[in-house]
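Dear colleague,

Please find the structure below, handed over for your records. The findings follow it.

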Amino acid sequence: MSSALEGMRVIDLTHRIVGPFATKLLADYGADVVKVERPGAGDSARQLGPFFHDTPDDEGSGLFLHLNTNKRSITLNLKHPEGREILLQLIGDADVLVESFAPRVMPSLGLDYETLHRANPRLVVASISNFGQSGPYRDYKMSEITAYALGGTMATTGLPHREPVKLALTVMQIYAGMVCSTAVMGAYLGSKWHGTGQQVDLSLFQIMATNQDRALMSTAAYQYLGTMGQRSAGNRQDITPASAYPCADGYVQMFALVQSWPAVCNLIERPDLIEDPHFVENRTDAQVKAEFEKIFLEWLSRHGKQEIMERAQSLGYICGAGNVMEDTFRDQQLTARGFFVEVDHPYVGSLRYPGAPVRMTATPWRPGRAPLLGEHTSEVLAARLAYDEDELKRLRDEEVI
Amino acid sequence: MPALPLEGIRVVDLTVVWAGPFAAALLGDLGAEVIRVESLQRLDTITRTATDAKAMHELVADVDPDAKPWNVSTNFTTVGRNTKSVTMDLRREEALEAFYKLISVSDVFIENNSPSTVEKLKVDYPRLVAHNPRLIMMSMSAFGATGPYRDYRAYGANIEAVVGYLLLRGYADGEEFVNSVGGFSDACGGATAAMAVLAALHHRHGTGEGQYIDMAQSEGVAQTLSQAMMDYSMNGRSRRSTGNRDAERVPQGAYRCAGDDYWVALSCGTEEEFRALCVLIGHAEHVDDPLFAKELRLAQHDLLDQEITEWTSQRDSYEAFHLLQSAGIAAAPVLDQAQLANDPHLRAREDWISLTHPAAGTHAYLKTPIWHMSETPLPYRRVAPLLGQDNDYVYREVLGFSDEQYQRFVELGHIGTDYVTRS
């Protein structure tokens, strides 16, 4: 069986998080992704933690290892005229070039879209940047927290009397990478099926503001009604518990609708409350809600998160166990589906990585590892451009590769 | 203009809530024809009625007096873009036959129900592939179609809890769960599913082979927890939330600005940025102070926060944003919807467009696709459909129904524009 993107050729000039996650997906689905890195230092994500055994090393960044699986790495000095020439040759038979430099960089290297388009008219050039290739903020910087701030959702995340709070880790950037891969694939299919080469201009600001997690619908709420969301403690009108709650060994995340009430009572072994008028008839009364929550929390405090989830789900009360990574790596479902995959790597050895995002029945997903810096320089230049040993040595001596 | 990338691809959409409709929207944005199959007998409570649709019905000034709340839901009028709506009650045999016919002339079927619901509705892959051997079916259930949790139902927040995300986000001091709004995995689920469908279309184009795709939304959102997963894998550490802080970027946070509830977020990732910040906020003395050296800086975070707030609180959030960026520091106003609607950058890039929705009136919408394409700009072809708006097109043109057959489906309650039961 072949991979889904077999035959797709990608030249990857991206670095750090967003672009590399987008091209990781392409590579994991089977595209041939050649990652172009700076000679010497490489992708700066190589210097971002977490590190293997907490020891910083260019080949030991867990983030880099996860975001660059199945790619080949070549080093190329794009500021050197011959390095630029090699890149233009490489894109001659490529389908897609993805880059994530600040917008002024590609033109300054003599690699503006028109030049790339002349070198290969069917090429899709995807440019990922903070604010897009135009507009007043074009050259501004961005980080995880500022990206979330711009999307309009951070303003409503947190407590009313406290500061707005970001989401975890760099999740918005990885989400942006997912969107970028979709955009790249869409443009690539357009090129493959209809012969249209083009430039795709991806602005992280735009991707944040159109996020399906509340952002986009909030824009319509404001346009229709002038209303804006507020940060809130998430207190619900109804008595049915539908939030995160502490239990014996951590937390559980519940979700309930009004009609979940019998299941809630059954979960906490209080079927007598199902029809109890004191609760049923005063279900939105703050004091009655607090009274019930006390009973609810007392029961939770005597049960573990996994047990609560299994019991609640069997009763039709939606619940997820609040796992920490130690639990997640042992989770029955992820284990049964073989989500975590064992990947070997010359520097960090064999480790478990997050695996396939989907299971395709006809086109297998391939586990693979991230490349060492410049691991495939000779291989790619020899195979694609027919450079021989002497020429490669010269390019090395002249610090082109 | 060149053909849209997915021109000629028909997607049948039986998705609910947020994640599935978002996947369908991304495919529609790329030019696919998305036909959303809805039922007059079952109100889609979240997709079509989120954000207080009843109140909206009463408040929208220019709303059609006969508009129905489910047609003006802010969730659906945005995520339902470039989509057509057909109604049929799949629980009845004659509708199921029509559905199978629709599948036979389509390319992709996308749904996000639990695996047992799909079987119960008789729209599982083995049944459908008999009607269309080239079909690509994307099933995006909460935890996947196999394994002990296959029939668990879950919303974003519950999925996120299981993969370990709940305990990694929010405040770091015990109040982390106060706003466990879970919708992030819906965004990830939609994007992950759309990408997988595109990969499957690529494969089918080359080989003629369709396929079934079993997607667990949990496994889609889990990709975003890269650092936490790799840290556990490499070092055995189970991380918890660090709030707005990041040990590799000090200082970082959201800081109060002038006015009521305005904030600016900033983050220093390099030594140059840290030095520029100290100078800008009037604390140049930290630049050469060994107590503020990179390795020790985290311990000074509270003090830095105080000093930054003294500076930001005297400034408007946009003013602080521009001053910080001009000094080379990553910063942004924490935008509210009013600011976002007027933001000069989005306006300059023409990311806001004006559209008229038959029930909601004329308003500004963020344009799609959510990126810019130079040759196939991919028009926002249509705002979200009213319930059953495309019954005529789908039944008559796509399925070839005669007048009699159409009328029979009206009488049987499959075709219509109103919910029969409003629960």
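**Findings**

Strands β7 (residues 244–247) and β8 (residues 250–255) of chain A pair in the antiparallel sense over four bridges. Helices (H or I, at least four residues) and strands (E, at least two) are DSSP runs, numbered from the N terminus, and two strands pair if DSSP finds at least two bridges between them. β7(A) and β8(A) form a hairpin with two residues between them, and Cys247(A) stands opposite Gly250(A) in β8(A).

This is a predicted model, in which local features need pLDDT of at least 70 and side-chain atom pairs count only at pLDDT 80 or more, while totals for chains, interfaces and linings use all residues. Residues are numbered from 1 along each chain as its sequence is written, and chains are lettered from A and ligands numbered from 1 in the order in which they are written.

**Domains**

Domain bounds come from an automatic or database domain assignment. In chain A, that assignment gives domain 1 (9–214 + 336–397) and domain 2 (244–328), with C-alpha centres 43 Å apart. For chain B, domain 1 is 10–223 + 350–411 and domain 2 is 252–334; their centres, taken over C-alpha atoms, are separated by 42 Å.

**Helix packing in chain A**

Helix α1 (residues 18–28) and helix α7 (residues 171–194) of chain A have axes that come within 7 Å and cross at roughly 50 degrees. This makes α1(A) oblique to α7(A). Axes are lines fitted to C-alpha atoms, for helices over the stretch in contact, and angles run from 0 to 180 degrees between N-to-C directions; angles under 35 degrees count as roughly parallel, over 145 as roughly antiparallel, 65 to 115 as roughly perpendicular and the rest as oblique. Among the residues of α1(A) that meet α7(A) are Phe21(A) and Leu25(A), and those on the α7(A) side include Ile174(A) and Val184(A). Two residues are in contact if their C-beta atoms, placed from the backbone, lie within 7 Å. By class, this contact has nine nonpolar, four polar and no charged residues (Ala, Val, Leu, Ile, Met, Phe, Trp, Tyr, Cys and Pro count as nonpolar, Asp, Glu, Lys and Arg as charged, and the others, Gly among them, as polar).

**Sheet in chain B**

An open sheet of three strands in chain B has the order β7-β8-β9, with antiparallel pairing. β7 (252–256) and β9 (330–333) of chain B stand at the edges, each with a single partner strand, so one side of each is left without a neighbour in the sheet. The twist averages 20 degrees from one strand to the next. Helix α12 (residues 301–312) of chain B packs on this sheet, touching β7 and β8 of chain B, and its direction makes about 40 degrees with that of β7(B). Helix α13 (residues 317–326) of chain B lies across β8 and β9 of chain B and runs at about 165 degrees to β9(B).

**Contact between the chains**

Chain B contributes 132 residues to the contact and chain A 122 residues. On the side of chain B, the largest share, 16 residues, comes from helix α8 (residues 184–207). Strand β12 (residues 359–360) of chain A and strand β6 (residues 211–216) of chain B run antiparallel and are joined by two bridges; Met360(A) has Ile213(B) as its bridge partner.

**Backbone details**

A cis peptide bond joins Gly49(A) and Pro50(A), with omega about 0 degrees. Another cis peptide bond joins Thr368(B) and Pro369(B), with omega about -5 degrees.

Yours sincerely
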